[in-house]
Amino acid sequence: MQTLKEFIISCGNDFNDELVGSLSRDLDLIASSIHVKKARQEKKIPSEVAYKAEFEEHEMLIDIIVDYFMTAEISDALVCGYIDGGQLLNVSDSYACPGVSFTVQLLKSPLFKLIHETLGSQDFLNLLFCYEAYIGNNGGLKLWGPIEEPKFKFNRDHMSSIDTKMMMYKGENSLRGENPLPETVRLCLRQIFPDDIQVGEGIPKRFKKIGKILEEALANHNRQMMEYPYILESICGKVCVEGNNYLEMATSKKKVIRFLMIVIDKIFPIEHIGTASNKAILASSIAHFVHISLGEQIDFKDLSKGLKLNNIGWVKPRNGVKMTKPEFLRAQLMLEWYIKWFFERFLSKLIGSFFHVTEASQSKRLYFYRHEVWTSISQRFKGRYFMTHLEKSERSINSLESFFENDDFIAKLKLLPKVKSFRLIAAPFRGSYDERFGYMEFQREYMKPLGRVLQSVRSIHGSSISSVSALIQSVAQFKRRLVKGGKLPKLYGMKFDVKQAYDSVPIDLVKKVLKRKLDDYSPTTDRIVVRQYQSVDDQDIVNPRKRRKITSEQVQTMKEMETRSKSGTNLDYFIQKSGPFVFSKAEIVDFVDSQLSRMSIFYHRTTYTRKVGLFQGFQLSGILFNMVYDSVIDFMKESVKVAPGSPTEIFRLVDDFLVLSTDKEIIQRLKKLISRPIAMFNLNVNRLKTKCSDTSLSFVALELNIKELSFVKKSDVYNNEAVSLRSFSKLYKRLEFSFEMRLKSPLFSERFNTDEAISTNIINLYEAMTLKFIASHKLIRSGDRFSKQDFASSLERQLHVLEARIGISRLRNLGLNRTRIEEVVYDLLKAHRVI
């Protein structure tokens, strides 16, 4: 790779001071910073472009080249970010870049006009068509040259998965209203086989048999549906909402499965699945479906796996005659589509008719509440919450028909149960199906760039903690600051959390804090630029999963690029994906103000706005909340006179606070401060959860040893809930992956934790993984048997991962070896009678 300056000289030109005049210094700088090399595939210079290059002005020539690349659909870094001009309002050009293309503006600059004149039209076109150019030799921005978007093979397998969406968050509704079975056989068949049953056409002969079965099922359903509530009550008992634990009021999954099987037996004749053995496999698949976790998907081929096709008469074209291979494949496909419909439509709607299915707060486990139970416990909470925090909006006109025609940014109400309360989540309304592209553009042009700006504005203030891992690392940094002569001074600790933190944030304070932090972030200029980049590999293929997002002022961005190009390190090349987004401070504040004033809940066709606070769920709520609560830490430090660099630190993770100090007096002063409401922030601390200690504290599911500043995570704190998988091999793979991911936590790093704590954490992790296996192995299909040898092989693979991560010698120093770990695991298996 040569510099642009070397390329110019190789073409028989030189940098003559008389030629370049006052631009000589800038020209030499730019020509030395840009590196060029021959493209793998040279583009032929079209005759019409070569002809126009002789007499067109320089800037017009660049536009002609851009227009040619776009018209000929040539993938080149030069035209990244350009789209059809017809997609933008008030644009008359054929092609346009929504923003400013850095490369095009650079090529139109006086410096490149001078390079054009120096090289001549032929060599200049050769430079743009047959070479690729970069800022930097060892990584940097690709200015022009061929690129390739990754080629994705169209695969319909993504349509083959079934998830929980169809049965989630259903309100109390009649069975007819939820309609698990359509009114007619034809509608049923159209749902099952949408590509084969067309409107206005007859039913193909091959569906006559399944049509008769569905006709019988519809008749059974219509005749017996009034009995379903009595069946439910006989299995689950009378509705009871007594007690203090909302999670325990959910119906057990065992009872849900039993109810479903009885109803299905009453509706469908045995012919729909063929034989009793197939029915047993279907029952196992139903149990698997009910035990699915939030966000999980099941391939419907897995649900039909094991079903004997030859025992199902309606899929066969002729009874008593062996099917040909094409007939067998068609029969197999028909059964798969039927199973997909059975679970995704019929079973999901049947569940939604009798149960409100939801995840718990901070959990992926699904809970099944009978509608009467859910209505009773949720209405109590909603009544109190609406009266305290919300008010009806009489001026707004909103609906769930259109995103862009609404007066407000509306959200649907979602309640997630906790042990003694609920968490209210506002799930933003994204518009109708026809508006999906408009909504995506709104996200791309406004929400995501502005969110990126706010993240950067917040990050310059340093001590922002966004995860438990970040907390452990921050405490370790604090510890290194305190250690002197290998010793840690005596420390005192306090933890507390804020009552209803999101619901109590003053809106006016949010805007005030935002304005102040924007001024701190960019004191000398009013404009902030967001640039988006994508990495390019050695084969000039754009990687869509490694997007680089740089947010800074434009001059700072250029300095960052220049620094990278001179560093000599091997970095990825990247291209500008789209034109930069430029925002003034006033535009940012106005947009946030609009979001805050127009955020609302749309419930029972009524719009509710907030009296105070923020809705959890809206995109900007989290970052705005964190900005305000970063200021809470500043206020607390100032109030109790904590000097910068002093041996006192306040850590915060959302609304949970941890204070560590060598000065007991500071802890006492801070405790006194939070014992009363802090009016400025409308902040009230939960006194019952406030704890002080000089030995240990439980904080965000971790045990903190204050004497050593080390963290331990107990085995019962991990997510040990059962996962429903179809085979032991899949369960082992899931556990091995989970083990490897969890081992990356700073809990297991000597940089952030003590040896004793690391040793304890390793044992606790193995206990947690074993408990998860014990809970999950009962859900494995009965045809797959537990093998002690397979379990030992999986444990062996986990041990290899542990040794690679920690090191064999270090494990020995920690007092751990294979025998010790295996003893812990097998003792648990024996205690739960697995072996």
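Biologist: How do α18 and α24 run relative to each other, roughly parallel or roughly perpendicular?
Modeller: Their axes cross at roughly 15° and come within 10 Å, and α18 and α24 are therefore roughly parallel. Angles under 35 degrees count as roughly parallel, over 145 as roughly antiparallel, 65 to 115 as roughly perpendicular and the rest as oblique. Axes are lines fitted to C-alpha atoms, for helices over the stretch in contact, with angles from 0 to 180 degrees between N-to-C directions.

Biologist: Before I go on, what sort of model is this?
Modeller: A predicted one: local features need pLDDT of at least 70 and side-chain atom pairs pLDDT 80 or more, while totals for chains, interfaces and linings use all residues. Residues are numbered from 1 along each chain as its sequence is written, and side-chain values use heavy atoms, leaving out hydrogens and water.

Biologist: Back to the helices. Which residues of α18 and α24 meet?
Modeller: From α18 there are Leu-454, Gln-455, Val-457 and Arg-458, and they meet Ile-623, Leu-624, Asn-626, Met-627 and Asp-630 of α24. Contact means heavy atoms within 4.5 Å. Five of the residues in that contact are nonpolar, two polar and two charged.

Biologist: Now Glu-435. Is Glu-435 buried or exposed?
Modeller: Glu-435 is buried, at 14% relative accessible area. Buried means under 20%, exposed over 50%, and partly exposed in between, with a 1.4 Å probe and protein chains only. Glu-435 sits in the loop between β13 and α18.

Biologist: And what is Glu-435 in contact with, leaving aside neighbours within four places in sequence?
Modeller: Glu-401, Ser-402, Phe-403 and Phe-404. Phe-403 is 32 residues from Glu-435 in sequence, but their C-alpha atoms are 7.5 Å apart.

Biologist: How many bridges join β23 to β24?
Modeller: Four, and two strands pair if DSSP finds at least two bridges between them. Ser-698, for instance, has Glu-703 in β24 as its bridge partner.

Biologist: Last one: how many helices and strands does the chain have?
Modeller: 30 helices and 25 strands. Helices (H or I, at least four residues) and strands (E, at least two) are DSSP runs, numbered from the N terminus. Of the 835 residues in the chain, 50% are buried.

Conventions. Ala, Val, Leu, Ile, Met, Phe, Trp, Tyr, Cys and Pro count as nonpolar, Asp, Glu, Lys and Arg as charged, and the others, Gly among them, as polar.
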